[in-house]
Amino acid sequence: MTKREFDHGHDDCNSASNTTFETVLEERMSRREAMKLGAGLVGTLLLGPFAAEAAEDLPSRVASAALLGFGVVAKHTGDILTVPQGYTAKILYALGDPIAEGIGAYANDGSDTSESFLFRSGDHHDGMSYMGLSAEGTHRDAGNASRGLLCVNHENITQMFLHTAQEVRSLSVTNRPPSQIDKEVNAHGVSIIEIRDTGSGFVRNTVSGFNRRITPTTPMRLCGPASGSSMMATRYSPEGKATRGTLNNCSNGSTPWGTYLTCEENWAGCFKKSAPGFTPQELSAHKRYGITSEHGKYGWAECTRRDDLYERWHVAKTAGSGREDYRNIANTFGWVVEIDPYDPGCTPRKRTAMGRFAHEGAVGGIVTPGKPIVYYMGDDSKGEYIYKYVSARGWDPSDAQGGLEAGDRYLDEGKLYAAVFNADGTGEWRELSLSDEAVAGYTPYRFADEADVSIHSRLAADAAGATKMDRPEWTGVHPLTAEVYVTLTNNADRGKAGKYGLDPANPRYYEDASGKKGNLNGHIIRIREEGSEASATAFEWDVYLFGAPSDSGSVNVSGLGTENDFSGPDGLFFSQASKGLMWIQTDDSAYTRTSNCMMLAALPGAYGDGESLRVTSRAVPYSGGDENLLTHVGKKASAENLKRFLVGPRGCEITGITETPDGRTLFVNIQHPGENTAEGGILDPSTYESHWPAGDGFSRPRSATVVITKDDGGIIGT
Ligand code: FEO
Ligand code: CA
Ligand code: CA
């Protein structure tokens, strides 16, 4: 059997004709003046809306060189996890670990049952949040650094490592036994586990009443503008107000009212699609979302047993109306989902006001009483958009313990915007609503109502003329400057004829020694909202940092050295304990001959701390266009502002990060070690790409959460 290409599902579905700035005018040079004004921005901001809070404890918060006081971790391609000297990393929660009494240790040979996965860790750990629990373990205490709930996303699966070797040999996308499908389904979703610091580090409480698995079968409520729409009706919920499950939970977020947000990313490929009976407009919407698979990537709709549980994976008109079949099932995925981890019996709520796309994550802006709640969100596919949600209601601190009912107040009514990056370094947020003429009058897709606009955010953003980006992944908001950072991981089609033209916000394309082309190493864009108001509709931007091998000549725009060169930025996280400290995690395939994926610590400065310059490419461009594109670049990297902190084992990506409120414990996820193992090699453990974390030369690799502490008990990153 040949190796099945590991499918992260980053389909290329954006053929909308909105502008990508093929040509750039010299007028942008005037922006240098603005950049000069941006110097010393933190001081400037003290006069802004955050003045009171920031001035009060600025001395203790300003990031200093001491924050990067650790020794550089060298790049490597070994099957080990490395952290700086003086730090320790321990496994806390690995694929298959039990979370309830009576569930045995994980056999890790494919024999663990599908039912047991309702009480075991799922696969492919991704975004996560530490949420403090009271000392006695009864209720929320956000500030408790020694007892908490860890909410962990399980984004995907490495299918071959979940089944027995015999089963793997006969894997197919048709005629699938129900037990195999059930196991794969149950290994997705979210874990909520209680953890406690015993004095010698965090351990799991395997019998906690808070422990819970949420899977693609867990009942969910549909909330917000799309709830009750006929486009959400299914046989399961003819009223269109509920669905089962959450899927491909990638990155995450949290709320000021103590709930967890999990974001549905590459769900489209899980569905089987049959076209007969759909209108041309419906088919165009399916195409725009990548709902085009003949069997679904795992064949979950192709079960040997006829059952509603499997039929629901089939997007097809099989009955007289959407109330009787699953033609609309895919419309109930692609959302931000809110969960109250402190209420183990709660029904999670899908927040449709925040839009439907390949949601990477949802990171909140700075919360200010009386001001709207704001979330920044990426849509991770080639040429997709950056979004912002702004609640209709201003924040009322009396809602701080409000749970999902508070969520109803802030996340069900608001405005959704998509970002436009202008060549001159300015930008704007365009509202996705029928109140916008471009959306209301869009002819390629006629929106029926606001529910339709929510369900088809990508099409609304096409209509609004949003800028096609190089795969927006995580977002982060700098707690001192309120500036927004978005990782753009890579785009193999940037610069490719007929695909995505260059623009100043996505300015690079080049070819590496192996013949790969496009924006291979990714970059991180930075947004400064107008007047520092998170609800602003205008902003300025620059590119904070470009990924590159240190020896890649002009491709290495940010001047990376061996101590900090990286490729494929994905995870991005601002410490709340050490304000100003940012973590960057990589999910890379362009630099992995030199190093496995990694995590770096950064002190990112502020918008405008660099210069406007021309970005040239090392190798021959493979389509026409401006190969000396002028853009706006942040301050160059140095060992003082960017340093490698961790390198993972073979075949993994580093993704998912959270910390205790005191900054002394960091939780990091190692996802899909060994993912490049050939399926046919399952019978021969010596061919596994990785055996991490066992490291025994025999075991199957496992995704896992690791806990990182400093041996002297100090703050992480110092
Ligand atoms: Fe799930 Fe875009 O990473
Ligand atoms: Ca990611
Ligand atoms: Ca990624």
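Predicted model: local features only at pLDDT ≥ 70, side-chain atom pairs only at ≥ 80, totals over all residues.
Residues are numbered from 1 along each chain as written, with chains lettered from A and ligands numbered from 1 in the order written. Local features need pLDDT of at least 70 and side-chain atom pairs 80 or more, while totals for chains, interfaces and linings use all residues; side-chain values rest on heavy atoms, leaving out hydrogens and water.

Mean pLDDT (the predictor's confidence in each residue, from 0 to 100) is 91 for the protein, and 90% of the residues reach at least 70. Residues 1–6 stay under 50, with 22 contacts (heavy atoms within 4.5 Å) beyond four places in sequence. Residues 20–63 are also below 50.

The calcium ion (ligand 2) takes its donors (N, O and S atoms within 2.8 Å of the metal, or 3.2 Å for Na, K and Ca) from Glu360, Glu473 and Asp570, at 2.3 to 2.7 Å. Glu360 sits in the loop between strands S14 (349–351) and S15 (363–364) and Glu473 in strand S22 (472–477), so the pair ties together parts 113 residues apart in sequence. Strands here are DSSP E runs of at least two residues, numbered from the N terminus. Glu360 is buried (under 20% relative accessible area) at 1%, and Glu473 is buried at 2%. Glu473 also coordinates the calcium ion (ligand 3), 3.7 Å from ligand 2.

How values were computed:
Helix = DSSP H or I, 4+ residues; strand = E, 2+ residues; numbered from the N terminus. Buried < 20%, exposed > 50% of the residue type's maximum accessible area, 1.4 Å probe, protein only.
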